[in-house]
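Subject: Structure handover

Hello,

Here is the structure I promised to pass on to you. Please have a look at it first, and then read my notes below.

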Amino acid sequence: MTATHAVEIRDLHKSFGELEVLKGVDFTVDEGQVVCVIGPSGSGKSTLLRCVNLLEQPTRGTVIVGGVELTDPDCDLDAARRGLGMVFQSFNLFPHMTVLQNVMIAQRRVLGRGKAEAERVARENLEKVGVAAKCDDYPSQLSGGQQQRVAIARALAMDPGLMLFDEPTSALDPELVGDVLAVMRALADDGMTMLVVTHEMSFAREVADRVVFMDGGVIVEEGPPEQVIGKPRHARTRSFLSRVLDPGHVEREGQAAPSDEAHGATG
Ligand SMILES: Nc1ncnc2c1ncn2[C@@H]1O[C@H](COP(=O)(O)OP(=O)(O)OP(=O)(O)O)[C@@H](O)[C@H]1O
Ligand SMILES: [Mg+2]
């Protein structure tokens with residue numbers, strides 16, 4: 001490999017039984033870039049993200065992260081995944097552990113860090129995301145936004161080279177979204193490489209280096225946010241954006257919306 005992409009996806013296909021969800025996806029993320037993936041519900045965004053760390057086994061295609069080909073059958077996946085932080089819509093914190101313990105556990109078990117070091121790194125990252133005061137609380141004592149920031153701290157504590165976010169704010173009450181986005185924005189400013197599935201168009205517009213619009217398991221268009229969100233070239237992109245940016249908008253031309261739109265947008 002001569003290219004030094006942080007992520008390189010080539011001809012990625014994924015089927016669940018008869019259902020082909022990803023139909024040949026190609027894209028790259030460069031070191032330090034933020035790429036936002038947008039698109040209607042059911043278009044395959046989560047599946048794409050899950051294929052990037054091989055939580056889903058692609059049916060076909062190549063996934064290379066940090067120069068390591070994860071789709072190589074000989075790849076040590078556990079080792080490769082250590083370099084990847086993943087933040088989901090639901091926070092998945094351990095309810096019986098304190099915030100501090102939640103951020104320490106994988107450092108201890110997976111990276112083999114000693115207690116003192118794991119605690120130092122945990123406190124440092126909890127500070128970074130603004131929830132240091134909650135170290136000794138249990139997740140149920142925190143707001144959704146605070147829990148999500150703990151989940152981000154937990155991922156950061158593993159020193160990832162790449163952070164994957166799957167709609168990290170869509171389960172949050174509107175007033176809590178801003179704090180989480182602010183943390184993500186700060187991470188981006190720090191130079192973190194990020195692949196973010198989001199419905200937050202203003203975040204994508206302001207933070208993303210590139211926006212990828214997916215529909216029906218393919219990338220319909222991609223480019224800088226001012227192009228994809230500001231001046232979309234494709235009718236499908238325009239129709240999607242008009243619905244997200246103005247949910248009350250009644251579709252007139254875009255009646256060819258994909259049938260899986262019937263699931264309705266989440267969040
Ligand atoms: N494990 C699975 N088994 C079977 N079908 C699946 C599985 N995971 C996803 N799918 C199907 O794949 C399609 C794409 O799902 P995916 O979750 O990737 O969409 P998405 O773009 O993330 O949607 P949303 O915006 O609602 O999160 C859907 O039709 C979904 O039902
Ligand atoms: Mg999804």
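Let me start with a cysteine: at 18% relative accessibility, Cys75 counts as buried (buried means under 20% relative accessible area, exposed over 50% and partly exposed in between, using a 1.4 Å probe and protein chains only). Before I go on, please note that this is a predicted model, in which local features need pLDDT of at least 70, side-chain atom pairs count only at pLDDT 80 or more, and totals for chains, interfaces and linings use all residues. Residues are numbered from 1 along each chain as its sequence is written, chains are lettered from A and ligands numbered from 1 in the order in which they are written, and side-chain values use heavy atoms, with hydrogens and water left out.

Back to the cysteines. The count of disulfides (pairs of cysteine sulfur atoms within 2.5 Å) comes to zero. For Cys51, the nearest cysteine sulfur is that of Cys75, 14 Å away, and that is too far for a bond. Cys51 is buried too, with a relative accessible area of 0%.

Five of its five residues are buried, so strand 7 is largely enclosed by the rest of the structure. Leu162, Leu164 and Asp166 cover one side, while Met163 and Phe165 are on the other.

Strand 7 also has partners (two strands pair if DSSP finds at least two bridges between them). With strand 6, residues 84-87, it pairs in the parallel sense over four bridges, and Met86 has Leu164 as its bridge partner. With strand 8, residues 193-197, it runs parallel and is joined by five bridges; there, Asp166 stands opposite Val197.

What about Asn53? This residue lies in the loop between helix 1 (45-52) and strand 4 (60-65) and is buried, with a relative accessible area of 5%. Leaving aside neighbours within four places in sequence, Asn53 is in contact (heavy atoms within 4.5 Å) with Leu70, Arg81, Leu84, Met86 and Leu164.

Finally, the ligand. Ligand 1 is surrounded by 13 residues (each with a heavy atom within 4 Å of it), and the closest are Ser41, Gly42, Lys45, Ser46 and Thr47. A polar side-chain atom of Lys45 lies 2.7 Å from an oxygen atom of ligand 1, and one of Glu167 lies 3.3 Å from an oxygen atom of the ligand.

Enjoy exploring!

Best wishes

Technical notes:
Polar contact = N/O pair within 3.5 Å; in protein donor to acceptor, adjacent residues only side chain to side chain.
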